Structure formats: structure tokens, C-alpha cells
Amino acid sequence: MGDRVPMEVAKVQQARKTTKLRTIFLGYLVMFCMGTIALALFLVLIFYVLMSCGTILPANYAENQVREDKAIIEAGKTLQPDSRQKLYRYALFTSEGSHIEGNLPEKQAQAAWSVTQQSNTAYQFPYNYVKVSHNNKVTVMRYSVSAQFEHPILRQYLPNAELSFFAVFCIAFLGGGALLASSFGRKLTRKMSGLQQATKQIQAQDLDFSIQLSGVMEIDQVLHSMDKMKETLKTSLQKQWNLEKSRREQISALAHDVKTPLTIVRGNVELLSETDQSEEQKNYTDYIAESTRQMEQYIKTLIEISKAETVATLQAETIDTDYYVTKVKDQVKALAAVKKTSVAFAAYNLPKTLYADPVLLERAIMNVASNAVDQAPENSEIRLTVESVEECIRFSIVDEGPGFSHEGLKQAAEQFYMGDSSRRLSGHYGMGLYITKSIVNLHGGQLIIANSTQTGGGQVSIEIPSVH
């Protein structure tokens with residue numbers, strides 16, 4: 001069945017008609033070119049229709065007016081009022097060049113006179129000039145050769161009809177290009193939605209989904225590769241999940257097996273405590289009894305982790321800080337005495353009460369203390385410091401051992417981490433600081449792993465809020 005699914009996907013991909021991305025792009029390009037040609041033809045048609053209706057005057061209209069009026073002036077006749085509006089401007093001068101009248105402004109009139117001094121006709125962009133002399137008077141007419149609107153208001157704001165139509169063409173050209181680009185982008189986005197969805201689901205490790213083909217060959221090839229990657233990843237993750245499940249089952253079984261000899265130890269310690277003992281023997285018996293109690297709590301936590309993948313349910317309460325800290329200090333001293341290690345204790349600015357789960361917090365602190373005792377050289381000193389820090393209470397334990405490696409500083413609190421050779425000891429399974437971190441997280445605090453600048457050994461701090 002495992003080989004059959006990819007084969008079925010491949011068959012679906014072969015059966016479905018696909019289009020190359022370049023074909024889609026060429027389709028849009030052809031559409032754009034045809035639209036541009038159609039737009040140009042449409043504007044040309046409109047231009048000639050308006051010209052035939054007289055709404056647009058031909059380019060030589062002003063030139064013909066100038067030619068007609070020139071002949072009248074040269075014949076010595078007076079220009080008669082014309083129903084047609086003149087499309088040229090003029091200025092009347094004396095033969096010496098003094099401006100008499102005209103509809104050209106004074107400055108432009110003088111420029112027109114200068115241009116026509118060498119010839120009766122002249123051109124200076126964008127105007128043509130014609131000079132007509134009669135009876136010691138000179139008329140200079142200025143016009144442009146371009147199609148113009150017949151209506152005066154349109155001619156005022158759009159003096160060149162051809163340029164106006166060209167501007168409309170450019171605006172429509174750019175607008176059409178933008179619309180087609182937007183349409184192509186939206187289509188490409190739709191086609192790639194399956195690729196984006198597949199990526200999101202793989203990132204979320206949700207591998208039970210079917211690849212949705214897009215119909216685009218290049219995108220479907222990527223989707224096909226992602227489908228193969230998904231199946232490979234699914235197989236790999238399944239193996240990892242099975243391995244984790246097997247580990248948890250082994251831990252749970254080991255924890256249950258340890259409970260039996262531990263119960264025997266506890267029973268014998270209770271019997272031993274009822275015998276006649278010296279004061280020193282009673283202290284040792286109490287240490288064994290307390291350590292047995294702690295081991296039972298650890299095993300209970302280990303079973304909870306293996307079953308529910310969580311530390312425990314937080315059962316916080318208000319605790320007398322001095323009493324609790326003293327109890328923890330005595331436990332750490334008892335633990336350190338086994339390895340002939342002394343404990344230096346210091347407390348600063350402690351609040352009167354502390355809101356926490358006393359059992360879980362003690363377990364977390366003793367895990368850190370146990371690691372410190374394991375790493376501390378014989379006859380060295382362990383420093384236990386308890387202090388208030390910005391509405392938090394911090395328990396810090398420093399040893400004089402080799403300290404954490406660079407890798408250990410980052411991964412020491414990970415489950416089953418045993419890669420720090422500098423602090424690895426036989427009988428450790430990488431659970432101590434992992435359980436501690438889980439307990440600290442339940443309290444809304446943080447676990448800080450560092451190396452002491454004073455001793456060079458490990459420095460592990462537990463910070464939890466001191467108030468609810």
C-alpha cells in the first residue's frame with residue numbers, strides 16, 4: 001500500500017492536462033499586444049470621425065487661413081469679418097519695426113519680427129511665421145501645423161489634438177498593462193495556493209493531506225517533489241515518534257521496577273529507626289529516610305512524565321519562607337555531607353511568604369543540588385544563595401567542578417541530554433535539569449544555566465515569582 005499512493009498521485013498528474021508557465025505568460029502577452037493594436041485603431045478611427053464631423057480641424061487648416069489672408073493683404077484689401085475663428089495670431093508693424101497692433105503679446109510680437117527679418121517665411125519650434133508687406137506696413141502671422149479642436153475651450157486646454165489623443169493612448173496603454181499584470185499575478189497566486197498550503201501544513205507537521213495540483217507544469221513539478229518529501233518526512237517522523245514512545249514506555253517500566261526495592265529500603269529504615277541508636281546513627285537514619293522519600297517523589301514524577309509528557313499538576317500554596325529555606329538548606333547539607341562537601345549558605349532580603357508548590361519546588365532545587373554535588377571535587381564547597389530579585393525569589397547553586405561546556409549551556413535542560421562530557425557521570429540519564437525546568441515553567445519562572453565567574457564551576461539558578 002505504501003508504494004501505491006505515490007503511483008496513484010503520479011497517474012493523476014499524468015492524466016490531468018497541464019500548461020507551461022511560459023504558455024500562460026505568452027497568452028497574456030498576446031492579449032496585451034492585441035489590446036494595444038485594437039486601442040490604437042480605435043483612437044485613430046475616433047480621430048478621423050471627429051475630423052470628418054468638423055470637431056477636429058485638419059493640420060493645414062491654419063496654414064490655409066494664413067495663405068488666404070496673405071493674398072487679401074497683398075492685394076491691398078481690408079480683411080473682412082469671417083464666421084470662422086482665426087487659428088493664427090498676428091502682429092502689425094511699421095516698416096521700421098514699430099509694433100502697431102495685433103493679438104500677439106508685445107514680447108512675442110518682437111520675437112516674431114526678429115525671426116522674419118531674413119526671410120518672408122520662417123520656422124522656429126513650434127511655430128511657422130509668414131511676413132506680408134503692403135503700404136509701409138508689415139504683418140507677421142504665426143501659426144502651427146497641427147490638428148486642433150474646433151471648439152475654443154477645447155483648443156485652449158488641448159492646443160494639439162494629435163498629442164491629446166496620443167496622451168489618451170499612453171494612459172490607456174499603461175492602464176491596460178497594469179490590469180493585465182494584476183490579472184496575471186492573481187492567477188499565478190491562485191495557482192500557487194496549493195504550494196503555499198502544502199508548505200504551511202508541512203511546517204505544522206500535519207502530513208495527512210493530499211497535494212492539490214495547479215494545472216501549471218512547473219508548479220506541479222514542485223508539488224510532486226513536495227509530495228515525495230512529505231512522505232519521506234512522514235516516515236521519518238513516525239520512526240521518531242515510535243522511538244519516543246518506546247523510550248517513555250521503558251522509563252515508565254524502569255520507574256515501576258525501582259519502586260519495589262525502594263519500598264524494601266524504606267521499610268527497613270523504618271524498622272532501623274525503632275532500634276536503639278546513638279545520636280549520630282539517628283541522624284544518618286533520618287538522612288536515609290528523607291532521601292528515600294525524595295526518591296519516591298522523583299519516581300512518581302518520572303512516571304507522570306512518561307505517561308502524560310508533563311511534570312505534574314501545580315498545587316501551589318502560601319509558604320513560610322524562613323521555614324522552607326531552612327528545610328531546603330538542611331537537605332542540601334545532608335546531600336553534600338555524603339561526598340564530604342561543605343555548603344556555604346547566604347540569604348538576602350527574603351519575603352515573609354512564598355507562593356509555590358513546596359513539593360515540586362523542593363524537587364527542582366534538590367535536582368540542581370544533586371548535580372552540583374556530583375560535579376564538586378571532594379572537600380570543595382557548594383554555595384547556596386537565596387535572594388529576592390524584582391518580585392521573584394532566586395535559588396542559586398554554584399559548584400567548583402569543571403563547569404558547563406558551550407553546548408551544555410544551551411542544551412543541559414533538554415530531555416535525555418547527556419552530551420556534555422565535561423559533566424557526564426555514570427548513572428545519569430539527562431532527566432534532572434529537564435524535570436527542574438519543567439517544574440520552574442509550571443511556576444511561571446525561569447531556569448538559568450551558566451558558569452560561575454568566581455569558581456569556574458556550574459551555576460544554576462531557579463527564579464520563580466514570590467507572589468501569586
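Modeller: Happy to. One cut-off first: a residue counts as buried when its relative accessible area is under 20%, and as exposed when it is over 50%, with partly exposed in between. By that cut-off, 34% of the 468 residues in the chain are buried. Please keep in mind that this is a predicted model. The chain has 12 helices and 14 strands.

Now to the helices. Two packed helices are described by the angle between their axes and the distance between those axes. I'd start with helix α10, at residues 358-375, and its partner helix α9, at residues 321-337. Their axes come within 10 Å and cross at roughly 30°. Angles under 35 degrees count as roughly parallel, so α9 is roughly parallel to α10. The crossing of these helices, α9 and α10, is right-handed. On the α9 side, the residues in the contact are Tyr324, Lys327, Val328, Gln331, Val332, Leu335 and Ala336. Facing them from α10 are Pro358, Leu361, Glu362, Ile365, Met366, Ala369, Ser370 and Val373. Sorted by class, this contact of α9 with α10 holds 11 nonpolar, two polar and two charged residues.

Helix α10 has another partner to look at, α12. The axes of α10 and α12 come within 9 Å and cross at roughly 145°, and the crossing is left-handed. From α10, the residues taking part are Leu360, Leu361, Arg363, Ala364, Asn367, Val368 and Asn371. From α12 come Gly432, Leu433, Ile435, Thr436, Ile439 and Leu442. The classes in the contact of α10 with α12 are eight nonpolar, four polar and one charged. If you follow Leu361 in α10, you will find it facing α9 and also facing α12.

What does Thr436 touch, apart from its neighbours within four places in sequence? Thr436 sits in helix α12, which covers residues 432-442. Its contacts are Ala364, Asn367 and Val368, together with Leu447 and Ile462. Ala364, Asn367 and Val368 belong to the α10 side of the contact between α10 and α12. With a relative accessible area of 0%, Thr436 is buried, because the cut-off for that is under 20%.

Another pairing to set beside these is α2 with α6. Helix α2 covers residues 21-53 and helix α6 covers residues 161-203. The axes of α2 and α6 come within 10 Å and cross at roughly 160°. Angles over 145 degrees count as roughly antiparallel, so α2 and α6 are roughly antiparallel to each other. Their crossing is right-handed. The residues of the contact of α2 with α6 divide into 21 nonpolar, four polar and two charged.

What about the cysteines? Cys53 has 59% relative accessibility and is therefore exposed, whereas Cys170, at 28%, is partly exposed. A disulfide needs a pair of cysteine sulfur atoms within 2.5 Å, and by that rule the count is zero.

At 40% relative accessibility, Met295 is partly exposed. Its C-alpha atom is separated by 9.6 Å from that of Val258, which is 37 residues away along the chain.

Finally, a few loops between strands deserve a glance while you have the model open. Most residues other than glycine have a negative phi, and most peptide bonds are trans. The peptide bond from Phe125 to Pro126, however, is cis, with omega near 5°. Pro126 is in the loop between β4 (121-124) and β5 (127-134). Asn136, in the loop between β5 and β6 (137-143), has a positive phi near 60°. This Asn136 is exposed, at 64% relative accessibility. Glu390 also has a positive phi, of about 50°. You will find Glu390 in the loop between β11 (381-388) and β12 (392-398), where it is exposed at 74% relative accessibility.

Key: Residues numbered from 1 in each chain as written. Predicted model: local features only at pLDDT ≥ 70, side-chain atom pairs only at ≥ 80, totals over all residues. Heavy atoms only, no water. Buried < 20%, exposed > 50% of the residue type's maximum accessible area, 1.4 Å probe, protein only. Axes fitted to C-alpha atoms, helices over the stretch in contact; angles between N-to-C directions. Helix = DSSP H or I, 4+ residues; strand = E, 2+ residues; numbered from the N terminus. Parallel < 35°, antiparallel > 145°, perpendicular 65-115°, else oblique. Left-handed = near helix turned anticlockwise from the far one by under 90°. Nonpolar A, V, L, I, M, F, W, Y, C, P; charged D, E, K, R; others polar. Contact = heavy atoms within 4.5 Å.
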